[in-house]
Structure formats: C-alpha cells, structure tokens
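Here are my notes on the model you asked me to look over. I have kept them as numbered points so that you can check each one against the coordinates.

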Amino acid sequence: MPQGTIHGLQTVRGLGFIRPDDGSADLLFRRSALAAGGYEELREGQWVTYELAPDPRGTTGPQAVQIQLVAE
C-alpha cells in the first residue's frame with residue numbers, strides 16, 4: 001500500500017494533499033477519503049497509507065482514498 005505525508009491541509013474546505021514517499025506528484029484528498037473518519041485529527045506532517053482512485057468529478061488526476069494514519 002502506498003505511503004506518504006499529509007501537507008497543505010485546508011480544514012475549512014475539507015481537503016488536503018499527500019506527498020507520496022516514492023517522489024511522485026502530490027495527491028489531492030477530500031475529507032470523505034479517510035477510511036475511519038477522523039478528518040479533524042489530521043495534522044500536517046502525519047504519515048499515512050492510501051489507495052489511488054480516479055477523481056469522480058473528472059477535474060483532477062488520481063486522488064488518494066482509504067487514507068489511514070500509520071502508527072508511529
């Protein structure tokens with residue numbers, strides 16, 4: 001499962017970005033992409049796992065879904 005770091009979190013808009021560990025392009029995610037809820041607990045720099053899915057709106061590239069925090 002791919003891993004990355006949370007950044008660019010925009011809590012008011014309910015979205016943010018993940019910087020993949022493999023160096024590929026940043027991925028957009030939406031509040032609903034968290035596997036177990038908990039959007040309010042997300043913080044900049046947290047390490048997560050995720051899956052990729054096409055943007056359902058068709059406006060951007062792939063998005064991160066099924067996001068889960070990695071225990072540190």
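**Notes on the model**

1. Let me start with a pair of side chains: Arg19 and Asp26 meet in a salt bridge, at 4.0 Å from N to O. The term stands for a side-chain nitrogen of Lys or Arg within 4 Å of a carboxyl oxygen of Asp or Glu. By this rule the count comes to 1 salt bridge. Arg19 is partly exposed at 44% relative accessible area, and Asp26 is partly exposed too, at 36%. For these labels, buried means under 20% relative accessible area, exposed means over 50%, and partly exposed lies in between (1.4 Å probe, protein chains only).

2. A word on what you are looking at. This is a predicted model, in which local features need pLDDT of at least 70 and side-chain atom pairs count only at pLDDT 80 or more, while totals for chains, interfaces and linings use all residues. Residues are numbered from 1 along each chain as its sequence is written, and side-chain values use heavy atoms, with hydrogens and water left out.

3. On charges, the protein carries 6 positive and 9 negative side chains, and the centres of the two sets are 10 Å apart. Lys and Arg count as positive, Asp and Glu as negative, with His and the chain ends not counted. Each charge is placed at NZ of Lys, CZ of Arg, CG of Asp or CD of Glu.

4. The fold has 5 strands and 0 helices, in the order β-β-β-β-β from the N terminus. These are DSSP runs numbered from the N terminus: helices are H or I with at least four residues, strands are E with at least two.

5. Arg30 deserves a look. It sits in strand 3 (residues 27-30) and is buried, with a relative accessible area of 19%. Leaving aside residues up to four places away in sequence, Arg30 touches Gly14, Leu15, Asp55, Arg57 and Gln63; contact means heavy atoms within 4.5 Å.

6. Please also check the backbone at Gln66, which has a positive phi of about 50 degrees although it is not a glycine. Gln66 belongs to strand 5 (residues 63-69) and is partly exposed at 40% relative accessibility.

7. Finally, the overall picture. The C-alpha trace spans about 35 × 30 × 20 Å along its principal axes. Buried residues make up 36% of the 72 residues. Among contacts between residues at least 6 apart in sequence, 42% join residues at least 24 apart.
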